[in-house]
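Here is a friendly walk through one protein model, written for someone who likes to check geometry in a viewer. Please keep the structure open while you read.

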Amino acid sequence: METGGCLCGKVRYKFDREKIISAGHCHCVDCQKITGSGKATIVFIPTENLEINNKYKVYSIVGTDGTNVHRGFCPDCGSPIISYVTEQPNLRFIKAGSLDDSSWVKTESNCWTQSANNWDPVNKKLTSYLKNPE
């Protein structure tokens, strides 16, 4: 079982690594702002395979592509933990940096490369999409 959570420990989650779909980098402007960096590295997991203590707060926004994006973070320390979109209720995006041990994560793709910064360039060895994959 893989585990993770926020900096202060209030928000915790776990999932079976064998159940993940993939992992990737998102270079969209919203992910840049929410992480304070050039991208968010995320692990895609089916909702049914993720256990989270639900002690997180959610900030919702309409994303650049028109989807309803919900970002979960710790209400105490502010650590970003999880994201999901209304239009894909069976999928959750875990922030890879919130894992207790992220050494096993293998990123497979980049999305929103059109908004990547030159100071945090796209990994050209990975499959890349200008926006979200179709």
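## Salt bridges

The side chains of Lys 14 and Glu 51 meet in a salt bridge, with 3.8 Å from N to O. Lys 14 belongs to strand E2 and Glu 51 to strand E5, so this pair ties together parts that are 37 residues apart in sequence. Lys 14 is partly exposed, at 34% relative accessible area, and Glu 51 is partly exposed as well, at 47%. Please bear in mind that this is a predicted model.

A search of the whole structure turns up five salt bridges. Three of them, including the one just described, are set out here.

| Pair | Closest N and O atoms |
|---|---|
| Glu 2 and Arg 17 | 2.9 Å |
| Arg 12 and Asp 100 | 2.6 Å |

In the pair of Arg 12 and Asp 100, Arg 12 sits in strand E2 and Asp 100 in the loop between E9 and E10, so the bridge ties together parts that are 88 residues apart in sequence. Both ends are partly exposed: Arg 12 has a relative accessible area of 32%, and Asp 100 has 48%.

Glu 2 and Arg 17 form another salt bridge. Glu 2 lies in strand E1 and Arg 17 in the loop between strand E2 (12-15) and E3, so the pair ties together parts that are 15 residues apart in sequence. Is Glu 2 buried or exposed? Its relative accessibility is 11%, under the 20% limit, so Glu 2 counts as buried. Arg 17 is partly exposed, at 35%.

## The start of the chain

Met 1 comes in the segment before strand E1 (2-5). With a relative accessible area of 67%, Met 1 is exposed. Leaving aside neighbours within four places in sequence, Met 1 is in contact with Lys 14, Phe 15 and Asp 16.

## Hairpins

Strand E6 (residues 57-62) pairs with strand E7 (residues 68-73) in the antiparallel sense, over six bridges. The two form a hairpin with five residues between them, and Gly 66 in that turn has a positive phi of about 95°. E7 also pairs in the antiparallel sense with strand E8 (residues 80-85), over five bridges. This second hairpin has six residues between its strands, and Gly 78 in the turn has a positive phi of about 85°.

Val 69 links the two pairings: Val 69 in E7 stands opposite Ile 61, and the bridge partner of Val 69 in E8 is Val 85.

Most residues other than glycine have a negative phi. Asn 54, in the loop between strand E5 (50-52) and E6, has a positive phi near 55°. Trp 112 has a positive phi of about 55° too, and is found in the loop between strand E10 (109-111) and strand E11 (127-128).

## The largest pocket

How much space lies in the largest pocket? The volume is about 610 Å³. Of the 29 residues that line the pocket, the closest to its centre are Phe 44, Gln 88, Phe 93, Cys 111 and Asn 132. Elements that give two or more residues to the lining include helix H1 (29-35), strand E4 (40-46), E7 and E8. E3 gives the most, with four residues. By class, the lining has 14 nonpolar, 10 polar and five charged residues.

Note on methods: Residues numbered from 1 in each chain as written. Predicted model: local features only at pLDDT ≥ 70, side-chain atom pairs only at ≥ 80, totals over all residues. Heavy atoms only, no water. Pairing = 2+ DSSP bridges. Buried < 20%, exposed > 50% of the residue type's maximum accessible area, 1.4 Å probe, protein only. Contact = heavy atoms within 4.5 Å. 1 Å grid on protein atoms, 1.4 Å probe; cavity = no way out; pocket = protein on both sides within 12 Å on 5 of 7 lines; lining within 4 Å. Points joined across faces, edges and corners; volume = space filled by probe spheres on them. Nonpolar A, V, L, I, M, F, W, Y, C, P; charged D, E, K, R; others polar. Salt bridge = Lys/Arg side-chain N within 4 Å of Asp/Glu carboxyl O.
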